[in-house]
Amino acid sequence: MSGVGYQVYSKNGNGAIVVVASSAKQALAKANELAESGNEVLIKDLAGRVLDTAVIVELAARE
């Protein structure tokens, strides 16, 4: 999955924020930033599969 690209989702009031990241490190950094607001954050690969946080952390460590 490394190098595939990731989508980071966060609910924000009545809307949502979606950020596309080209690496697991970028996705993890953005997810951490969005989580500071207290909202739920999901990371998906570009195929739409939700990735567990442990998986993203491991992928980021390999980059």
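This is a predicted model: local features need pLDDT of at least 70, side-chain atom pairs count only at pLDDT 80 or more; totals for chains, interfaces and linings use all residues.
Q: Where is Val-20 placed, and is Val-20 buried or exposed?

A: Strand β2, which covers residues 15–21, contains Val-20. A residue counts as exposed when its relative accessible area is over 50%. Val-20 has a relative accessible area of 58%, so Val-20 is exposed.

Q: Is Ile-17 in strand β2 buried, partly exposed or exposed?

A: The class called partly exposed lies between the two limits, under 20% for buried and over 50% for exposed. Ile-17, which also belongs to strand β2, has 29% relative accessibility and therefore counts as partly exposed. The C-alpha atom of Ile-17 is separated by 19 Å from that of Asp-52, and the two residues are 35 residues apart along the chain.

Q: How many salt bridges does the structure hold?

A: A salt bridge pairs a side-chain nitrogen of Lys or Arg with a carboxyl oxygen of Asp or Glu, within 4 Å. The structure holds 3 salt bridges. One of them joins the side chains of Glu-33 and Lys-30, at 3.0 Å from N to O. Another joins Arg-49 and Asp-45, at 2.7 Å from N to O. Glu-58 and Arg-62 also meet through their side chains in a salt bridge, at 2.2 Å from N to O.

Q: Where do Glu-33 and Lys-30 lie?

A: Both residues lie in helix α1, which spans residues 24–35. They are 3 residues apart, about one turn of the helix. Glu-33 is partly exposed, because its relative accessible area is 46%. Lys-30 also counts as partly exposed, at 23% relative accessibility.

Q: By how much are Glu-58 and Arg-62 separated in helix α2?

A: Helix α2 covers residues 53–62, and Glu-58 and Arg-62 are 4 residues apart within it, so about one helical turn separates them. Glu-58 counts as partly exposed at 43% relative accessibility, whereas Arg-62 counts as exposed at 61%.

Q: Is Asp-45 buried or exposed?

A: Buried means under 20% relative accessible area. Asp-45 has 1% relative accessibility and therefore counts as buried. Asp-45 is the partner of Arg-49 in a salt bridge.

Q: At what angle do α1 and α2 pack?

A: Two packed helices are described by the angle between their axes and the distance between the axes. Here α1 and α2 pack at an angle of about 130°, and their axes are 8 Å apart. That angle makes α1 oblique to α2. The crossing of the two helices is left-handed.

Q: Where is Ser-23 found, and how far is its C-alpha atom from that of Ser-37?

A: Ser-23 is found in the loop between β2 and α1. At 16% relative accessibility, Ser-23 counts as buried. Ser-23 and Ser-37 are 14 residues apart along the chain, and 22 Å separates their C-alpha atoms.

Q: Which strand contains Val-41?

A: Val-41 belongs to strand β3, made up of residues 41–45. With a relative accessible area of 23%, Val-41 is partly exposed. Val-41 and Lys-30 are 11 residues apart along the chain, and their C-alpha atoms are separated by 9.6 Å.

Key
Residues are numbered from 1 along each chain as its sequence is written. Side-chain values use heavy atoms; hydrogens and water are left out. Buried means under 20% relative accessible area, exposed over 50%, partly exposed in between (1.4 Å probe, protein chains only). Axes are lines fitted to C-alpha atoms, for helices over the stretch in contact, and angles run from 0 to 180 degrees between N-to-C directions. Angles under 35 degrees count as roughly parallel, over 145 as roughly antiparallel, 65 to 115 as roughly perpendicular and the rest as oblique. A crossing is left-handed if the near helix is turned anticlockwise from the far one by less than a right angle, and right-handed if clockwise.
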